[in-house]
Amino acid sequence: MDSQTQAEPKPEEVPSNETEEERKKKIDDWLPITGSRNAKWWYAAFHNVTAMVGAGVLSLPYAMSHLGWGPGTVILVLSWVITLYTLWQMVEMHEMIPGKRLDRYHELGQAAFGKKLGLYIVVPQQLICEVGVDIVYMVTGGKSLQKIYNLACGDCKNIKLTYFIMIFASPHFILAHCPNFNSISVVSLAAAVMSLSYSTIAWGAAADKGRQPGVSYASVASTPTGGVFNFLGALGEVAFAYAGHNVVLEIQATIPSSPERPSKVPMWRGVVVAYIVVALCYFPVALVGYYIFGNKVEDNIMLSLEKPVWLVIVANAFVVIHVIGSYQLFAMPVFDMMESTLVKKLNFKPSFKLRFITRTVYVALTMFIGITFPFFGALLSFFGGFAFAPTTYFLPCIIWLAIVKPKKFSLSWFINWICIILGVMLMILGPIGGLRNIIVHAKDFKFYN
């Protein structure tokens, strides 16, 4: 009896009709990054503009007031050149391995450093940048809505920033359920147009106002130590204005590719157009704003303009529309990471229900952190310094040296090492100003006050 029980055969496993390759393709077709590959070059252009140009462009004149004409202009131009170069490297490396597309930043890291180490190096930094930017945009959108309310209705009851952040978050609970990059193209295009519009309003209205009487370009710091901290904080603000690298491979993944016409051709065309738009936004705002107002410029140039009120309201409305699009653009790779982990590692079934829950939780979490820490921008310049500088300024150069292996002491080798050294210096110096701002803001802060 016992021997019969022991010898009882195990039930046969039901063979699956679906091969591993078919299952993988089915999942890739469902995930947001690889779900649609029919984008055009102009999609890449406005996606990159939306990702790159943040509402922080309005604080560039203030950053210039702490840097001065010489260092400020050099840092502004140098950041533009270096980040364009590192973006070109990433576009080139997207299909550098024959027969494979590196659709995500961490896949590029894995190709250079190995499967595990590549994940450990890239994913934490990418998440700090993308989730951090989304939280900052929650606060930025809320503050812009609050400014519109205060300007349009000066005699109305004062409403706390918390409620405006919640109002700003409300459309994201709907937009977050757009399945992939191509499905948010209209939102991203609107955001790109808005970024160019409010930047033009900022420097155009400043130029129309004319150079202010008694304008000065001397340092406003009362002590040399204060001047150094202000300089480092401003250095971070200018350098971290170029943060689009964290989504560039994910944008390129949406473009079709073939051996005859690889995706890097339309992608690079889109990047060049985007960088021209970035220059048209950044340089006039920073230089004209600083020239007009000097060291008395506010940390948001719109506050310095004051009048006409209707124009400031319009500009703030444009900022709101822009950060709505930017939020979605930076959230999409995070959605992809979460959904990939749930489906591939934890074996959840790809479904609308899974997507609905994960994305709703993400939007709610970023809203909650934005409400809790409305000075999160200072936190980001501190923690982000350890992530923005590497992912934008020197990690692409290190990966280029590992994959392409240019000849030692060649021009390419020297350029990459110069970018690496400058990027590491930025990573060390940038967060110092942010740390001081955290201390200044946090000492008098009360939660949910």
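Tyr85 counts as buried, at 19% relative accessibility; buried means under 20% relative accessible area, exposed over 50%, and partly exposed in between, with a 1.4 Å probe and protein chains only. Trp88 counts as partly exposed, at 27% relative accessibility. Before going on: this is a predicted model, in which local features need pLDDT of at least 70, side-chain atom pairs count only at pLDDT 80 or more, and totals for chains, interfaces and linings use all residues. Residues are numbered from 1 along each chain as its sequence is written, and side-chain values use heavy atoms, with hydrogens and water left out.

Now the aromatic pairs. Rings of Phe, Tyr and Trp (its six-membered ring) pair if their centres lie within 6.5 Å; planes under 30 degrees apart count as stacked, over 60 as edge-to-face and the rest as tilted. By this rule the count comes to 18 aromatic pairs. Tyr85 and Trp88 make a stacked one, with 6.0 Å centre to centre and 25° between the planes. Why are these two separated by about one helical turn? Because Tyr85 and Trp88 are three residues apart in helix H5, residues 69–93. Helices here are DSSP runs (H or I, at least four residues), as are strands (E, at least two), numbered from the N terminus.

Tyr327 and Tyr362 form a tilted pair, at 6.4 Å centre to centre and 50° between the planes. This pair links distant parts of the chain: Tyr327 sits in helix H15 (residues 309–345) and Tyr362 in helix H16 (residues 352–372), 35 residues apart. Tyr327 is buried, with a relative accessible area of 0%, and Tyr362 is buried too, with 5%.

One aromatic cluster is formed by Phe409, Trp413, Phe414 and Trp417.

Which helix gives the largest share of the nonpolar patch? H19 does, with nine residues. H5 and helix H19 (411–442) each supply at least two.

Next, the backbone. Most residues other than glycine have a negative phi. Asn347 has a positive value, near 60°, and lies in the loop between H15 and H16. Asn347 is exposed, with a relative accessible area of 57%. Lys405 also has a positive phi, near 55°; its place is the loop between helix H18 (385–403) and H19. Lys405 is exposed, at 59% relative accessible area.

Last, Arg211. This residue is in the loop between helix H10 (185–209) and helix H11 (224–239), and counts as partly exposed at 45% relative accessibility. Neighbours within four places in sequence aside, Arg211 is in contact (heavy atoms within 4.5 Å) with Tyr217, Tyr291 and Ile292. From Arg211 to Asp29 is 182 residues in sequence and 56 Å in space, C-alpha to C-alpha.
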